[in-house]
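I opened my notebook for a friendly walk through this one. Here is what I looked up, entry by entry.

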Amino acid sequence: MHLHDPSSTPPPVRRTVPLAWFVVGVIVAAGVSVAGIATSYALRPGSPSGPLSITDDLGRHDTVPADPARVVVLGPSIMDSMYRLGLRSHVVGVDCYAPSLGGLSSDYSADQVALWNLSSSMCVETGPTFDVEQLLALGPQLVLAATIVSVAAVEQITQTYHIPVVMLQPATLTGVILNDQLLGEIFEVPGASSSLVSSLQSALSRAASLQDNLTANGTPFPTVLVTYSADGNGYWTFGPGTFGQSLIELASGASISANATLPYPELSGEQVLASNPEYLVYGTGFGINESTYAGGPFWSQLITTQGGHAVGMDSNYFTEPDPTMILVGLPQLIAVLHPGSSA
Amino acid sequence: MGATAEVPTGTARGLGRRPWVLGLLLALLGVGVFFSPILGTVSVSPDTVLRILLHQVSGGALFSDPCAGASVPASGCSGLIEIVWDARLSEVMLAVVVGAGLGISGGTLQGVFRNPLADPFLLGISSGGTLGAAVVVVFRIGVSEQNLLLPLFAFVGAIATGAVILVAARSRFGSVETLLLTGVALSSFLSAVLSLLLLYSPTGSLQVDFWLLGNLGSLDWTQDGIAFGVVLVAGTLLATYGRELNLLQLGPDVAQSLGVDSRKVRVRLLLLASVTTAAAVAFTGIIGFVGLVSPHVVRRIAGNDYRLVLPGAALVGGGFLLTARDLSLVAFPGTLLPIGIFTSFAGAPFFAYLLFRRRGASTMGTP
C-alpha cells in the first residue's frame, strides 16, 4: 500500500457550509482543473504515430515515442490504468520492493498479480533502493512512474540513459481521468480511453447526484472514520488533501478527521470515541485485517456503538489514485454509507 | 569523552616503518575496483563484464564485440554496456570515493579530538545533510534538476551544520567537550526538525528513508566526478596535516610550544573534514562506521603516525565500502539493499570491541 500525497484536493465538507454551494464549487473547480491540466497535456501536433511532447504531473517535459511496445510501469495505480485500457501486453516491467526479500507481493496484492499476469522476472526494484540495472536490462522505450520513485532517480533515467519518463502523480480524482486520457493518446487507443473515461465520469456523476439529492432533502452526511491501520495509540486515518478524504467527500460522508492538521494523522481512541462516528470503515489487505484493529484502543466499544456499521474495505481503494478507486472503491463506500441509495 | 590518546613517539620512525602499507592498500583497492563490477543485480557473466570493461577502457580497441557469446538482455549489447559501465562501475567508483572521504575524515576527527571513538557523523554533519536533502524532496524543489539539486542541498545542509561547529570551535569556549556536545545537540535538533517536516509528507518520508540508510544507487558519472573532485581536494589537504596532528596528540600546550597553533589547526581540520564528509553524505546518504573503523585498521597495521593514518584511512575506507557493497550483493542476490545496513553490521561489533579495549589500553597507542 502506498500513501499518496496530493498537493491539492477539494476542501473537506463542513456542515456549516451550504452543501449545494459546495457541490457547485467542486464542479467549477474541477472544470478549471481539467482545463488547466488539459492544456499542460496538450500533445504536439503532427503525425499520430510520431513522438509526442508531454508535460507530466510534476511539470516535467519529455518526448515519448508513440505507441511504445516496451514499457516499465512503476506504481500499481498506473498498472491498473494500463490493464483497463487493454495495454497489459506493452508492460515488460513493474515495481518491486527488494526482489530477494518482498518482491512483487510487497507492491501488488495476490489478486493483482494473478489478474495482471505479473511475474518476478518483471521486477524493477524501487525500494529500499532504486535499481537502475534491472530497469536497463528490460530495455524499456518508456517508463511510467508514480510517487514510489524518487524524482532524482527519474532524472537519472532520463538524463543519463535517455529513456523517457512520464510521472503520473495526479493530485485529484480529475487528474486520474486526465492521466487515462493521456495514456490513450500515447498508446493510440482512443476507443478504450474514451470508454474508460466515460465510465469514470459516470461514477463521479452518480456520486454528485447523490450529494445533490441529500443536500436538497436536507439530509446530513453520515459521520465516518475510515482507518487504514491501528496500534495501541489509536487509528491511522486520512486528513485534508488526501485521496482517502476526497473519496469520503465524494461518497457523501463526513469524515471525523476532515479538519486534522496532518495529511495522515493518527486519531487517539479518545478522539474517535468522542466523535462517535456513525460508520467505521477499516482498510484491509497487505497483512492488515480486522485483528489488526482489534489492538486499537476501545475497538470493541466502537464496534458495539456502530451497531453493525463497521465494515472492512480494501485499503487500496483509498490510497491508490487509479480507475479502481473510482469504479469500485467509490460505489462500495457509497453502499456502506448510504445503503439505500442507487448511486 | 575524555582525551585518552597516548603520545605517538618518533613520527619519522612511524612513517619509515611501514610506508609500504600504503602501496599494498592501493594495490588491493585497484584489484577490488576492477573485479567488483562482476557483481550486480542483473546476471552478467564475469568474462562478459571483464570484456566490457577492457573494451571501454581501451576506447573500443579491445574486444570490438564485447557481448559476443554472452546472454544479452532485451536492451541488447548497448544495454549491457550501460549496465556494466555506467551503472555498476560508477557505483563501484562512488563506493571508493565516499569510503575514502569518510575514512580520512574519521582519522582526522579522531586526531583532532584525541578520541578513538570520534567519527564524521558525531558532529551532526550528517543530520544537516539529511535535512537539506529532505527539503528538496518534501518541497519538490527544481523537479527537473533534482538529481543535482538534492546532493547540492544536502551538501549545503551538512556544511551549514559544520559551520556552526566551527563557530563553536573558534570561540573561547571551544574545548573538545564543548564541540562534541554542540554536535550532539545540533544533531538532535536537526533530527527533530526533519521528523516534523516528514510528518507532512509521507511520500517524502519514503524517499528520505533511503537517505537515512545510505545507498550507492541512482547515481551517474557526473555525480561521481563531483564527489571525486571535492573529496580529492579536501582529502589531499587533510593528508598534509599529518605532522600537525601528530603534535596535537601531545596536547595543545606542547603542540603550541613546538610551533603548532592548535586552535587554528583544529579549525582548519574541522573545516576540511566537514567538507569531505558533506561531499560523501550529499551523494549517498548516511553510511555509518566507515569513518570510525578505517583509521583503527590502519593503526593496527601501520602504526599511529598520522602521515600514514590519514591516507591509509582513505584507502581502507574505500575498500571497506566496496567490500560491503560486494558482500550485500552476494548475501541478497538480485537486490540492492541500502549499503549503510552492511557497514553497520561490520562496524557495530568493531565499535563494541573498541569500547572493551579502551578499558585496558588506548587504541591510539604508540606505534
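**Entry 1: a serine in chain A**

I began with Ser106(A), which counts as partly exposed because it has 16 C-beta neighbours inside 10 Å. For the cut-offs, a residue is buried with 20 or more other C-beta atoms within 10 Å of its own, exposed with 12 or fewer, and partly exposed in between, the C-beta atoms being placed from the backbone.

A note on ground rules: this is a predicted model, where local features need pLDDT of at least 70, side-chain atom pairs count only at pLDDT 80 or more, and totals for chains, interfaces and linings use all residues. Residues are numbered from 1 along each chain as its sequence is written, while chains are lettered from A and ligands numbered from 1 in the order in which they are written.

I found Ser106(A) in helix H4 of chain A, residues 104-107. Helices (H or I, at least four residues) and strands (E, at least two) are DSSP runs, numbered from the N terminus. Which residues does Ser106(A) touch, leaving out those up to four places away in sequence? I noted Cys96(A) and Tyr97(A); a contact requires C-beta atoms, placed from the backbone, within 7 Å. I also checked Leu200(A), 94 residues from Ser106(A) along the chain, and their C-alpha atoms are separated by 28 Å.

**Entry 2: strands of chain A**

I counted 15 helices and 13 strands in chain A. Strand E5(A), residues 123-127, has five of its five residues buried. Strand E4(A), residues 91-97, runs parallel to E5(A) and is joined to it by four bridges; strands pair if DSSP finds at least two bridges between them. Within this pairing, Asp95(A) has Val124(A) as its bridge partner in E5(A).

Next I looked at strand E12(A), residues 279-284, where five of six residues are buried. Which strands are bridged to E12(A)? Strand E8(A), residues 223-230, runs parallel to E12(A) with four bridges, and Val224(A) has Tyr279(A) as its partner in E12(A). Strand E13(A), residues 310-314, is also parallel to E12(A), with five bridges; here Leu280(A) is partnered by Ala310(A) in E13(A).

**Entry 3: two domains in chain A**

I noted domain 1 of chain A as 28-171 + 179-188 and domain 2 as 197-337, with bounds from an automatic or database domain assignment. Their C-alpha centres lie 29 Å apart. Nine residues of domain 1 of chain A are in contact with eight residues of domain 2 of chain A. On the domain 1 side, helices H2(A) (76-84) and H8(A) (173-186) each supply at least two residues. H2(A) gives the most to that side, with five residues. I sorted the residues on the domain 1 side into two nonpolar, four polar and three charged. In that scheme Ala, Val, Leu, Ile, Met, Phe, Trp, Tyr, Cys and Pro are nonpolar, Asp, Glu, Lys and Arg are charged, and the others, Gly among them, are polar.

**Entry 4: whole-chain figures**

I then turned to chain B, which has 15 helices and zero strands. Its radius of gyration is 21 Å, close to the 21 Å that the globule rule gives for 367 residues, so chain B is as compact as a globular protein of that length. The radius is taken over C-alpha atoms, and the rule is 2.2 Å times the number of residues to the power 0.38. The C-alpha trace of chain B spans about 70 × 55 × 35 Å along its principal axes. Buried residues make up 55% of the 367 in chain B.

Notes: Two residues are in contact if their C-beta atoms, placed from the backbone, lie within 7 Å.
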